[in-house]
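Please walk me through this protein model. I would like the sheet, the cores and the aromatic pairs in a short report.

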Amino acid sequence: MQPNFLIRRAVQLGLTANALRPLRARSTTIPAFFAGWLTGELAPQFLALTAADALVHTARHGVGDRSTKAGLAMAAASAAGLATLIRTGHGARDEIEKALTSALGEDYASELGRSDLGLPWSELALPFRMGAPDVRVDRNIAYAPGGKRFLLDVYRPSTPVSGAPVLLQVHGGAWVIGNKEEQGRPLMRYLARRGWVCVAINYPLSPAHRWPAHIVAAKQSLAWIRSSIASYGGDPRFVAVTGGSAGGHLSALLALSQNDPALQPSFEDVDTSVQACVPHYGVYDFAATSGSQASKYRLESLIARRVFAPGRDPVQHLDDYVAASPLDRISSEAPPFFVIHGRDDSLVPVREAREFVGRLREKSRQPVAYAELAGAQHAFDVFTSVRSAHVVRGVARFLDFTYNAWKAENR
């Protein structure tokens, strides 16, 4: 009997099953997310490990005992599930393309020249390697007084550029954790190679800092970009913003609260508009005004307790929460949006993104693209995977198209 092999295969089968159909109970939300996220995005690596484990075990011990036979059956089931996850991840290419053609037109790609649609196999082999010799990173630049939570990094081509479009990356982490080095790097690396200048920021975190410190800091970083990014080769007139989860909330709010003096204390006259927004798996129903039970639970258990100041009851001070909610700040002045969300997101249900996109499309005069990714969990783009590589290339096409349209209007 070889119980360790059986246990390994049982654990892998459970992880694969959860990635295919995540557990939905509220008590299992966090473990279901972590297990499903890693298994889904690392499915090729898990498939290779499963095959190697089965081959090594049978070579050493044969297939005679019942434990081994059961383990091999589980390995076969896991392999089938992991292959399904790989195919689903690869399907993001078509999902992204459908979203772009629907919002930008069937012939949008003809205006971009040659598009890079191939997978980066060297990066997929080493998904957690984030450095790139052809990308220069200037680290820990202060964009406002206040220490390490007011620092940013600039990603740019190793060859000097000038007048390049700018991307602002806002990290997630439920407004209480996170760092600028942890998220958005595959996208920034890819865009920097294509001539963009990218800025990743820290911002104050709760509970040490309470709302609206987070969005005020994000707007301060925009003020820094407007005054200083030209020194790094960027064009301060065109800034797109992106981020995931809480960063998706903040990036969407930046796009929908442009030049709001209430969120720009002592720098009310600075232009804090953005020219495009690409939120990933963002929190949009911040004030729970849609009636969603998931949004209400998040508001009561996290936002009201840890993000807002103590005593700011969301019933008595609803207006304060509404002012912080992208869902409730949509107007005809919204810039172009590309909203991306995973259909299997355990932390921010996909129906929240659907509601946000529906309202955006009702009011905005600009394109609103929406990609709903089958099989995708929260945080699917943190490192390079089959799915995230397709998403990165699709986001780049959206941003290039939007930038070209902006240039045509501002000649």
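The report below takes the sheet first, then the cores, then the aromatic rings.

This is a predicted model: local features need pLDDT of at least 70, side-chain atom pairs count only at pLDDT 80 or more, and totals for chains, interfaces and linings use all residues. Residues are numbered from 1 along each chain as its sequence is written, and side-chain values use heavy atoms, with hydrogens and water left out.

**Annotated span**

An unreviewed UniProt entry lists residues 152-358 as "domain: BD-FAE-like". UniProt positions follow the numbering used here, feature names are shortened, and annotations may be inferred rather than shown by experiment. The span is 32% helix and 19% strand, and its end C-alpha atoms lie 33 Å apart. Helices (H or I, at least four residues) and strands (E, at least two) are DSSP runs, numbered from the N terminus.

**The sheet**

Eight strands make an open sheet, in the order E1-E2-E4-E3-E5-E6-E7-E8, with mixed pairing. Two strands pair if DSSP finds at least two bridges between them. Strand E1 (135-142) and strand E8 (368-373) are at the edges; each has a single partner strand, so one side of each has no neighbour in the sheet. The twist averages 20 degrees from one strand to the next. Axes are lines fitted to C-alpha atoms, for helices over the stretch in contact, and angles run from 0 to 180 degrees between N-to-C directions.

Strands E6 (residues 276-280) and E7 (residues 337-342) run parallel and are joined by two bridges. There, His 280 stands opposite Ile 340 in E7. Helix H13 (residues 386-409) packs on the sheet and touches strand E3 (164-170), strand E5 (234-244), E6, E7 and E8. Its direction makes about 165 degrees with that of E6. Contact means heavy atoms within 4.5 Å.

**Cores**

A nonpolar core is a set of buried Ala, Val, Leu, Ile, Met, Phe, Trp, Tyr and Cys residues joined through side-chain atoms within 4.5 Å. Buried means under 20% relative accessible area, exposed over 50%, and partly exposed in between (1.4 Å probe, protein chains only). The largest core has 66 residues; Leu 168, Phe 337 and Phe 356 have the most contacts inside it. Helix H8 (residues 213-228) gives the largest share of this core, eight residues. Apart from it lies another core of 51 residues, including Met 188 and Trp 196.

Which strand holds Tyr 155? Tyr 155 is in strand E2 (residues 151-157). Tyr 155 is buried, at a relative accessible area of 3%. Residues touching Tyr 155 include Arg 139, Met 188 and Trp 196. Met 188 is among the buried residues of H7. In helix H7 (residues 185-193), eight of the nine residues are buried. Gly 195 follows H7 with a positive phi, near 100 degrees.

**Aromatic pairs**

Rings of Phe, Tyr and Trp (its six-membered ring) pair if their centres lie within 6.5 Å; planes under 30 degrees apart count as stacked, over 60 as edge-to-face and the rest as tilted. The count comes to 22 aromatic pairs. Two of them are set out here.

| Pair | Type | Centre to centre | Angle between planes |
|---|---|---|---|
| Trp 196 and Phe 238 | edge-to-face | 6.1 Å | 75 degrees |
| Tyr 403 and Trp 406 | stacked | 6.0 Å | 15 degrees |

Trp 196 sits in the loop between H7 and strand E4 (197-201), and Phe 238 in strand E5, 42 residues apart. Trp 196 is buried at 2% relative accessible area, and Phe 238 at 0%. Tyr 403 and Trp 406 both lie in helix H13, three residues apart. Both are buried.

Terms used:
Lists of a residue's contacts leave out its neighbours within four places in sequence.
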